[in-house]
Amino acid sequence: MPYQQHHSLSRATQFDKPNLIMQLFTPRDMKLVIKQPLFSLIDPSSRERKMVGSANGATDLSSEMEVDAFRRLFPLRFHERHLLESVRPDARSLGKARETSLALGAVASADGSALAKIGCTTMLAAIKMEVMTPSKEAPDEGCVAIDFHMPPICSPIVRPGRPAEAAPVASKQLSDTIISSGMIDLKELSLVSGKAAWMAYLDIYCLDADGALFDAALLAAAAAFSHLQIPVVSLNDDGRIVVVSKENGEKPKNKPVNEEKRKLKLRSIPFALTCILHKNYILADPTAEEESIMDTLITIVLDTSCQLVSLYKPGGPALAYESVLQDCIALSRQRVKELQKILNEAILDMDVD
Amino acid sequence: MAAKGGAAPATYSPSPTTFKKKRPPIFTDVDWVRPDGRDFHQCRPAFLRTGAVNAASGSAYAEFGNTKVIVSIFGPRESKKAMMYSDTGRLNCNVTYTTFATPVRGQASSDNKEISSQLHKSLEGAIMLDTFPKTTVDVFALVLESGGCDLPVVISCASLALADAGIMMFDLVAAVSVSCLGKNLVIDPVSEEENYQDGSLMITCLPSRNEVTQLTITGEWSSPKIHEAMELCLDACSKLGKIMRSCLKESASTSTSTSQE
C-alpha cells in the first residue's frame, strides 16, 4: 500500500489545483466515493470517464473530479470501499461478468473469423487454412497453430518493437487449452493420408485490452472455429492441393477431396472465467484497472459439460483455499451457460443470414 | 508457433491466385467492369466511427469496402528517454498488418516501415505540434483486412482518431488514391486493381484549407492524366472530408445527449 501511494502521487502532478490533493483527505470525499457507482448506473458506457462532470452540469465538476483524483491516488482504498458495499466501480455485483457479445465472420479474407467483446475487451480471431505434409508419426492428422497478438493499438503499455510480455504467455496458454480440451479432432483435418493435411493457423488479435484477456481470446477462438468454412480443394497433377474454383463453370478435372468435410465437428467447447481473489472477496471478470490493483488472478476453464479443463493461478499474494476454488468453479459454471447461449445465438444469427 | 511438438512444417496456401501473375485481359479493355461493379470515378462507401478502442486517448475505425483499419492515439505522453529536448511535440507513427489481412497469410506483415513514414509525413503538416512541447503523440494503426487503398484509409482514419483524442490540428486530413490502368483512371482501387495498375497517385490534403500535405505519384503517367487524376482526388478528398466531419459531429452529439439523460 505505501508504495502504491507514492507511485500515484507522481501522477497527481497532472491536476491543475495543487490543493486538491489536500481536500482528498476530508471525510466528505469518502461519501462521494460511494456516489460514483450510482453515477455509473445512469451511464455505464465507456465514455463516462472521459466526460466526468458534464453529466450533472458545471456545479458538480469539482466533486466528480475529486472522486476521479481519489481513484487515481488511492486505487486500493477506492476499490475496497466499493467491495464493502458489494458493488464494483462499474456498478456490477462481485460475481457478475460484463456484457458479452459475439459476431461471426468479421474478416472476409479468412476462412473463419469472430469478434468477441467482453465489456471493453475486444478480440478478433481469424483462421486461415493452409496445406502441409503430415508428419510420419501421425499421417492422418492435421495441425492447429495458435498465436495471440497484442498490437500497439490495444493498450498504452504496448509499444511497437517491444511486444507485450503477456502475449506469448497467453499464446501458450490458449494453445494448451484448445489442444487439450479435445475440441478439435485433428483427424478431421486430414486430406490425403500421409500426403496432405490442413494446418489451421488461428491468429487472435487483442484490439482493446481491458482485463480478462484470456477469457475473451478463448471465446473468440472457439467462435472462429464454429464459423470455419473449409475450402473445397482437389489434388492437381503436380501433387499440390488447389482450391476448386466455382467461377469457371466447367467441371474440374480432378475430383475434390473434401467435399463432405467443410465444417469441423466441435466437441466440448472450452469456456473460461477469470476471477480476482482479494482478501475474502471473489471478483469475476475483472477490468484492467482491477487487475492492476489486486493482482491475484485465477482462471478456470470448463467445457460445455462443465468438466474442468484447466485451472490456472499464477502466484499472487492471496492463497486459494478449497472453498474459494469451489466458489470460483461455481461462478464459472454459471458463466459457461451464459457463454454457450451467446455462442449458439451467434451461430444461429449467421445461419439466418 | 505450432501447437504440436517439433518444428512447424512448411505450409502453402491452396488458393490458386498466387500462380496467376499475368494481367487478365479485362483490365486493358476500354469498357470493362470493375471487380466490385463500381463506376470508374466512384469511391467505395466509407464507414467511419470514432471511439473504437477504449484504452486509447482517441481512436477510430474505418471500413472502405474490404479495407478495415483501426487507429489508436496515445498521448501526448512522455517522450523516450533517449530523445533530445524539443520545443515542439513529436509524432510517432506505426502501421502493422494482421497476419490474415492479405489473401495469403502473413504476406504483408514485413515491409510496413515505408507506410509508417508516409503516414507520419502526411499527418505532421496538419498537427499543431507546438501545442504539446516535450511530449510525444503515438499514432498506431492496425490493418485488420487489406482490400486496396490501405494507406489512404489509414491516413484518413488516423486524422479522425487524432481529432477524437483532442489533438489540435489545422484541419482533418483526407486521403484518396487513383490508379491508372491502361487508358482508364479508377478512383479508390481495390487490391486486384492495384496489382495490375500502371501507375498510382495519392493525395492527402486538408480539405477545408485546400492544402496538400502529401502527393505521391508512381509509375507511368502523362501530364494531362496527372491533371485529371489530381482533380479527381481533390474532389473526392473534399467529399471524404465532409463525411469525416459529420462522423465527428455525430459522435460529439451522441456523447452529449447520453450525458444529459
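This is a predicted model: local features need pLDDT of at least 70, side-chain atom pairs count only at pLDDT 80 or more; totals for chains, interfaces and linings use all residues.

User: Why is Glu130(A) called buried?

Analyst: Count C-beta atoms. Glu130(A) has 22 other C-beta atoms within 10 Å. The cut-off for buried is 20 or more. The count meets the cut-off, so Glu130(A) is buried.

User: How many bridges join S3(B) to strand S4 of chain B, and what makes two strands a pair?

Analyst: At least two bridges are needed for a pair. Seven bridges join S3(B) to S4(B), residues 67-78. Therefore they pair, and they run antiparallel. S3(B) and S4(B) form a hairpin with two residues between them. In the turn, Gly65(B) has a positive phi of about 60°.

User: What joins S3(B) to strand S2 of chain B?

Analyst: Five bridges join S2(B), residues 46-50, to S3(B). These two strands also run antiparallel. Thr50(B) has Ala60(B) in S3(B) as its bridge partner.

User: Why is strand S3 of chain B called largely enclosed?

Analyst: Look at its residues, 58-64. Seven of the seven are buried, so the strand is largely enclosed by the rest of the structure. Gly58(B), Ala60(B), Ala62(B) and Phe64(B) point one way. Ser59(B), Tyr61(B) and Glu63(B) point the other way. In a regular strand, side chains alternate between the two faces of the sheet.

User: What is the order of the strands in the open sheet of four in chain B, and why do S8 and S10 stand at the edges?

Analyst: The order is S8-S7-S9-S10, with antiparallel pairing. S8(B), residues 184-187, and S10(B), residues 211-219, each have a single partner strand, so one side of each is left without a neighbour in the sheet. Neighbouring strands here are turned by 15° against each other on average, direction ignored.

User: How do you know that S7 and S8 of chain B pair?

Analyst: Four bridges join S7(B), residues 174-181, to S8(B). At least two are required, so the strands pair. Leu181(B) stands opposite Asn184(B) in S8(B). Helix H2 of chain B, residues 150-164, packs on the sheet, touching S7 and S9. The helix direction makes about 170° with that of S7(B).

Note on methods
Residues are numbered from 1 along each chain as its sequence is written. Chains are lettered from A and ligands numbered from 1 in the order in which they are written. Axes are lines fitted to C-alpha atoms, for helices over the stretch in contact, and angles run from 0 to 180 degrees between N-to-C directions. Two residues are in contact if their C-beta atoms, placed from the backbone, lie within 7 Å. A residue is buried if 20 or more other C-beta atoms lie within 10 Å of its own, exposed if 12 or fewer, and partly exposed in between; C-beta atoms are placed from the backbone.
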